[in-house]
Amino acid sequence: MTLAIKTSGLTRCFGDLRAVDSLDLRVEAGKFYGFLGPNGAGKSTTIKMLTGLLAPTSGTMCILGEEIKDPDKAREVKRRVGVVPEELALFDNLTAREYLTFIGRMYKMPMATVRERCRELLTMMSLESEEKLTLEYSHGMKKKLTLAAALIPNPDLLFLDEPFEGVDAVASRVLRDTLKRCVQRGATVFLTSHVLDIVERLCTDFGIIVAGKLVHQGSMDEIRAGGSLEERFLEAVGSDKIEHQKLSWLED
Amino acid sequence: MDWSQLRTIIWLRWRLTRNQWSRNQLNAVLIMIVAVALLVLSVVSGVAGVLVGFFILAERSPTRMLIAWDLFFAAFLFAWIIGMVSEIQRSETIDISRMLHLPISLRDIFLVNYIASHLTLSIILFLPLILGLSLGLMLSGQWLMIWMFPLVLSLVFMITAWTYCLRGWLAALMVNKRKRRAIIAVVTFSFIVLVQLPNIISNLAHDRKKHRPDTVKSAPLDEQATRQPVSRSRRPIPNAVLLAHKVVPFLWVGNGAMSLAGGNALPAVLSAIGAFGIGGLGLRRAYRTTIRFYQGHTVGRRSKQRPKTKKVSTVRKNFLERQLPGIPDEAAALALAFFRCLTRAPEVKMALATNFIMLLLFGTMFFARRISSLSDNLKLFVVSGPIVFTLLGMSHLMLNQFGFDRGGFRQLVLLPVPRRHILLGKNLSFLPIAVGFGLTFLVLVKIILGISFTIVLAAGLQLLATFMLLSIAGNLISILVPYRITPGSMKRTKTSAMTSFLIFISRLSFPVAMVPMFIPPATGLLMSRLGWLPAGPVILLSSMVLLGLLVFFYRLSLPGLGNMLLKREKQILKVVTEKVE
């Protein structure tokens with residue numbers, strides 16, 4: 001079994017708060033992994049650490065079989081990874097085409113390939129006729145462009161933080177199919193989402209993080225055997241809270 | 001809207017302000033001190049107005065009255081315009097967009113916001129002064145001057161109402177982020193020109209005086225003495241000026257004061273009614289545009305829907321696909337992307353254009369006045385001036401290279417490229433700007449001062465050498481002391497006291513970094529003074545050596561600074577993105 005992501009005791013503290021607490025994550029290569037958790041559970045902090053946007057307080061991380069503490073190895077790993085971060089990473093004053101060209105060149109792709117993939121991705125995301133600068137884009141358009149940038153190098157591992165948030169139904173459908181194809185060709189997708197339905201339909205494996213701790217990790221097959229992902233999620237998060245969240249005056 | 005709703009909204013505004021103050025108590029204390037100081041100033045200004053009206057203006061002729069009131073009102077307008085351009089976007093006391101869904105009257109909120117917009121420095125200082133002036137004149141026995149009160153108030157109403165309308169219109173235009181940045185840049189630029197206006201006029205007047213024909217000077221002294229007082233005090237106001245005072249609303253206050261001093265109240269009354277009417281129209285329009293803006297109507301002429309044509313940009317080579325000879329591919333792509341970002345940002349263009357115009361303006365003034373007194377030795381050094389100024393204008397960009405990227409810096413962290421290439425790309429993106437401006441100035445200096453081609457060529461090499469030096473310093477300071485920049489501006493924001501201090505020190509040390517620039521001319525001068533070699537070839541040779549040395553040091557510094565960037569990139573990311581997004 002080859003692991004695409006492996007963390008041991010991964011921890012990140014912000015002052016007294018342990019946003020991620022001794023996380024031991026195992027994600028097999030070629031899997032579609034859904035990383036779930038309530039708001040503020042530590043999902044984005046985990047992704048930031050795995051992608052090199054945030055330094056961990058302690059613990060180790062192995063991405064695509066490489067320890068990413070060594071800068072040279074980290075750079076080689078980055079070459080095989082695509083990322084859609086929580087806060088988008090665009091340059092305000094470039095057009096979509098320019099931005100994708102820039103990313104393509106950063107991944108040392110041949111110019112003909114960059115042009116071809118730019119065209120296909122922009123068409124797929126319905127951004128082909130956009131000559132606006134990215135700063136004029138709506139949130140959804142920015143998200144689509146960031147997704148296109150993550151896909152352009154055809155990476156072995158994709159980190160997607162809430163990729164479907166703000167994306168229209170058509171692009172969302174196209175994107176889901178694209179991600180499925182990525183997994184079919186052997187890539188690994190690590191995604192966080194609040195939409196359990198999407199995770200249930202797409203993912204092969206999942207993990208649930210609550211208050212910085214990984215409380216459940218398993219295969220989607222076991223969910224499909226009985227029950228639903230929502231039930232499992234509520235069970236892990238604490239469904240008893242729902243009982244207390246009723247409005248007395250609506251009962252009358 | 002009933003009174004209880006309005007009271008609740010005013011309470012909400014007060015609560016928001018109080019909560020804001022309680023979070024930053026030092027700020028609250030400062031605000032209180034400023035408020036008390038303004039109140040005192042306002043009272044002083046009012047009293048001063050009464051005294052000036054009573055003791056100085058009371059016995060003046062109607063013509064003098066017109067001139068005096070014009071001057072006071074012009075001062076108020078100047079202060080008002082400066083206040084307006086310094087806060088171009090209307091900040092509303094109560095945010096109407098958050099009230100649209102509530103069952104309340106938007107007109108009342110609009111009026112509250114409009115009244116609150118009068119709390120400006122220009123009104124606090126000038127309105128009591130002008131009203132005090134009217135009171136002083138009235139107390140001196142000119143009872144007709146009572147009509148100055150409605151006239152002044154209606155004119156202020158007219159100005160504030162139309163300003164409110166203009167700001168609302170600009171706010172609607174600025175919904176488009178690209179236009180917003182362009183408007184802010186243009187307005188800030190206008191502000192700089194406006195502030196410099198007295199200086200420009202004074203300099204032009206100085207030049208004119210200097211170049212006045214000698215015939216005036218040669219006139220007999222006694223003739224001049226008799227001619228001057230007549231021309232200054234008793235010269236009648238030209239009819240065109242008087243007509244302008246009747247037609248142009250801003251001049252009605254002077255015209256009203258003149259007619260009241262002459263015993264005729266009708267022009268002042270009519271002007272007050274007219275100004276009130278125009279102000280009413282402005283306020284009505286402001287209300288309509290505000291509501292239309294919040295309800296999402298577009299502003300401006302509707303352009304004809306042009307059929308969308310398929311762009312051929314897939315075939316055409318786009319700018320970012322270009323290669324730079326001798327530069328690694330990744331660094332070249334980075335340089336092109338950064339250059340594109342820089343040249344498309346209105347705030348950067350504005351900052352560079354301001355620098356360019358300032359140098360052009362002051363340089364021309366300086367050379368025009370002192371060109372004849374410049375010695376040949378000094379000319380060797382003067383040629384370095386424009387280069388230093390060019391780089392000084394770019395230093396705030398080059399010493400905080402990542403602040404301008406904001407969220408884009410996150411992409412740089414994610415990129416699989418050696419960090420030295422990022423630094424190289426950053427530096428290269430500034431090179432065309434530095435060279436472009438620098439060479440333009442050098443050509444101008446050559447034309448004005450008639451400096452030899454060898455010296456100008458040497459100065460070009462010095463420009464490159466100094467750019468290398470500034471790049472090394474810029475890379476280091478950008479890594480060690482990054483700071484946030486407000487989106488759409490070059491203004492730093494939310495910097496700690498320590499960072500501010502370090503920024504101050506780094507800016508202060510800029511002249512020290514420029515010292516090598518003066519080594520070649522100093523060497524040339526020394527050699528020629530000693531009689532060993534002529535200055536020109538020595539300066540050229542030493543400039544080449546200087547450039548060679550700095551290119552060597554620059555190359556030497558890149559790997560180390562790249563590693564430093566790699567180690568600090570997460571901290572930089574935190575600084576340049578946090579609280580800005």
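In chain A, helix α5 (residues 139–151) lies across β7 and β8, at about 170 degrees to β7(A). Angles like this run from 0 to 180 degrees between N-to-C directions, with axes fitted to C-alpha atoms, for helices over the stretch in contact. This is a predicted model: local features need pLDDT of at least 70, side-chain atom pairs count only at pLDDT 80 or more, and totals for chains, interfaces and linings use all residues. Residues are numbered from 1 along each chain as its sequence is written, while chains are lettered from A and ligands numbered from 1 in the order in which they are written.

**The sheet in chain A**
- Here's the open sheet: 6 strands, ordered β7-β8-β9-β4-β10-β11, with mixed pairing.
- Strands (E, at least two residues) and helices (H or I, at least four) are DSSP runs numbered from the N terminus, and two strands pair if DSSP finds at least two bridges between them.
- β7 (81–84) and β11 (213–219) of chain A are the edge strands, each pairing on one side only.
- From one strand to the next, the twist averages 15 degrees.
- β4 (32–36) and β9 (188–192) of chain A run parallel, with 4 bridges; A:Phe35 has A:Thr192 in β9(A) as its bridge partner.
- Helix α1 (43–51) of chain A packs on the sheet, touching β4, β7, β8, β9 and β10 of chain A, and makes about 145 degrees with β8(A).

**Where the chains meet**
- The contact (C-beta atoms, placed from the backbone, within 7 Å) takes 34 residues from chain A and 33 from chain B.
- On the chain B side, α7, α13, α17 and α23 each supply at least two residues, with α13(B) giving the largest share, 7 residues.

Note on methods
Two residues are in contact if their C-beta atoms, placed from the backbone, lie within 7 Å.
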